[in-house]
Amino acid sequence: MSQVILELKDIKKSFGDKSNRVEVLHGINLSIKKGELVAIIGPSGSGKSTLMNIIGCLDTPTEGSYLVGGNNTFNLKSDDLATLRRDFFGFIFQRYHLLGHLNAQENVQVPAVYACEDKEIRSERSKQLLSRLGLEEKLLNRPNQLSGGQQQRVSIARALMNGGQIILADEPTGALDSKSGAEVMKILTELNAQGHTVILVTHDPKIAAHAHRVITIMDGQIQSDVENKDIPDATDKVIEEQNGKLNQKLNSMQAFFDRFSEAYVMALRAMVSNRLRTLLTMLGIIIGIMSVVSVVALARGASENVMSRISSMGTNTITVMPGLNMGDMRSDKFRTLNEMDLEALKGMPFVDSASPTVTTSGHVQNGNKDASASIYGVSDDYFRVNGMHIEQGRKFTSFETINRPQICVIDYNTKKELFPHTSAVGKHILVNGRPITVVGVLKDEQVGFRPNDQLCVYVPYSTLMCRVIKQRYLSSITVRIKDGFSTAVAQAQMEKLLKTRHGRKDFFMRSSDTIMKTISDTTGTFTVLISSIAVISLIVGGIGVMNIMLVSVTERTREIGIRMAVGARQADIMTQFLIESVTVCIVGGLLGILLSVSLGSLLKVLMPMIPLSFSMASVVAAVVTSSAIGVIFGYMPARSAARLNPIDALARE
Ligand code: ADP
Ligand code: MG
């Protein structure tokens, strides 16, 4: 007496939600013994496939209990059910359900991949199985290069790959011509004779005649259950022998890598077989990464350019200003910086030259034209220290600087405003109501960080202090340090000197070094700002990846269903889709970097003024970002793929 391996107790199955619920199976009681060849027949729509899906753990019953090998399947999680499908059942579908982008041998191997079978054993075994079914010539053919009967034989080989102790065939001959159908039936009968338990659905009585037992289903209920023949002595031997071979599983580490590399190959194939879609997906990432890398390179290039210009000017200057720090609100209360300080500073050994500045705002007038202007009281060195050049006329002499003459140098803006059509040199203008002669006009050029629409009038500082604003203190003193002296040491000594003279520290200093630091901080901020804009474009690219992946999941639902039916767990499906999205993003990222660098070198040749400076850090960051995008934006579609119910996925075409 053979032992019962499958037992269904009062199985009911309903579809639909509350409002339109339909019960398809109304209490099925059935037990299947080891080694049986069972045919299930019945009219279309009677519930045969529904029953088969429940038997094969592709679907779960609404009510009742189902025991496989004495264990109730009720409490099993989806991954346990996947393991059961993988190791215990072999499915043969009416429409074969082979994976179109894999060849016959690879299709047969899929269940073994999920069972972590060793690669060589797997390949050897798939070859054997296919040869046994007469397909030794067709190992490398894809499903669309095989006839229906051949495809069905491939799917039988796949069902046997992990042992296939119980073979479930839902109308295996339904799509075949009678000759191929007869061949398939012959194979199933032989397999049964070797000890496999076979359950097959058919509506062909001739085929049912092969079976030991014929179960008729009508409207979701068993109508008759007839035993035709005796079950032959199940040759358990064969299966056990096979299972012994199958137990040579890999250790977990190897299994992990094997599974990973398998998933990788599958992902690559899926990408290659959908080239256009893959390329479009990548495009978002390529553009995103390219813009990030280029923008960072541009910002770095610009900043390096500015820095090198500043240092090439060689201005080794220190400016002393009253107050405690930059932007001190009370700085105009400190009126201690004076000409004596200037003379004292000039006397220091490392000082090349020193120029005081007295600033005030004022009013300039030429006839009926007038304007507001900044008025600077400066020395003759001022123009040299600040890199300003005279266009017309001359600058002051050092004698004039201290001799309070009523002369001035005006900048280009002032000239334009007061003397739009005539020459200004030698003319008189009124500065705060006082007549002053213009001796020079400056070139139209950007000076430091002054706004370039400001009007500036420069008079000797002695003139400004005695004749225009009657002020005894200086607004600032700029000292130029002799070449070869350290700015820091000079600054410390100047600080000591002024502190002694004033009795307290009521001034502060800014050296060209600190200005340079400010500039580099500013360009840093600028880089961050621009980069964040570029990051937004990356995110947009990532959303593109997610979109395409979602479409891909929808498109490949049937593939997912097949993989699940032959034993893929949720994690396997998830890994495959994640690998796909990460690969798309990384390849896209690398292409983006490549494009950006080659564009950079092209630009260097065509437009050498545009400075570009690529940094390794930004390239590394780009690669890391693009893989992160792959994981983050691939996760959602991957999860939705993994959560699909296998039978729903299979049903979709
Ligand atoms: P058979 O295989 O015997 O032809 P099925 O088991 O495929 O029949 O279907 C039995 C009944 O259950 C049919 O009326 C069918 O419409 C219904 N049915 C099957 N699957 C679903 C489903 N997923 N949702 C709703 N109804 C379904
Ligand atoms: Mg059916």
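Predicted model: local features only at pLDDT ≥ 70, side-chain atom pairs only at ≥ 80, totals over all residues.
1. In what order do the strands of the open sheet of 4 strands stand, and with what pairing? The order is β2-β1-β4-β5, and the pairing is antiparallel; the edge strands are β2 (22–33) and β5 (71–72), each of which pairs on one side only. Two strands are taken as paired if DSSP finds at least two bridges between them, while helices (H or I, at least four residues) and strands (E, at least two) are DSSP runs, numbered from the N terminus.

2. Residues are numbered from 1 along each chain as its sequence is written, chains are lettered from A and ligands numbered from 1 in the order in which they are written, and side-chain values use heavy atoms, with hydrogens and water left out.

3. Within the antiparallel sheet, strand β1 (residues 4–15) is joined to β2 by 9 bridges, and leucine 6 stands opposite isoleucine 32 in β2. Helix α1 (residues 48–55) lies across β1, β2 and β4 (63–68), and runs at about 125° to β1; contact here means heavy atoms within 4.5 Å, and axes are lines fitted to C-alpha atoms, for helices over the stretch in contact, with angles running from 0 to 180 degrees between N-to-C directions.

4. The loop between α1 and β4 holds cysteine 57, which has a positive phi of about 60° although it is not a glycine. Cysteine 57 counts as buried because its relative accessibility is 4%, where buried means under 20% relative accessible area, exposed over 50%, and partly exposed in between (1.4 Å probe, protein chains only). A positive phi is also found at arginine 404, again a residue other than glycine, with a value near 55°. Arginine 404 lies in the loop between α13 (398–402) and β15 (407–410), and it is partly exposed, with a relative accessible area of 41%.

5. A further open sheet is formed by 6 strands in the order β6-β7-β8-β3-β9-β10, with mixed pairing. Its edge strands are β6 (89–92) and β10 (221–227), each pairing on one side only, and neighbouring strands of this sheet are turned by 15° against each other on average, direction ignored. Helix α2 (residues 78–88) packs on the sheet, touching β6 and β7 (166–170), and its direction makes about 80° with that of β6.

6. Strand β3 deserves a separate remark. Strand β3 (residues 37–41) runs parallel to strand β9 (residues 213–218), to which 4 bridges join it, and 4 bridges also join β3 to strand β8 (residues 197–201), again in parallel. At the level of residues, valine 38 has arginine 213 as its bridge partner in β9, while isoleucine 40 has valine 201 as its bridge partner in β8 and stands opposite isoleucine 215 in β9. Because 4 of the 5 residues of β3 are buried, the strand is largely enclosed by the rest of the structure.

7. Glutamate 117 is found in the loop between α3 (104–114) and α4 (119–132), and it counts as buried because its relative accessibility is 1%. Its C-alpha atom is 9.4 Å from that of arginine 259, although the two residues are 142 residues apart in sequence.

8. On the surface, Leu298, Leu602, Val605, Leu606, Met607, Met609 and Ile610 form a nonpolar patch with about 690 Å² of accessible area together. Methionine 609 lies in the loop between α19 and α20 (616–642), and it counts as exposed because its relative accessibility is 63%.

9. Helix α19 also contains valine 597, which counts as partly exposed at 35% relative accessibility.

Key: Patch = residues over 30% accessible without salt bridge, like charges linked within 9 Å, V, L, I, M, F, W, Y side chains within 5 Å. Areas by Shrake-Rupley, 256 points an atom, 1.4 Å probe, with all protein chains shown as cover. Salt bridge = Lys/Arg side-chain N within 4 Å of Asp/Glu carboxyl O.
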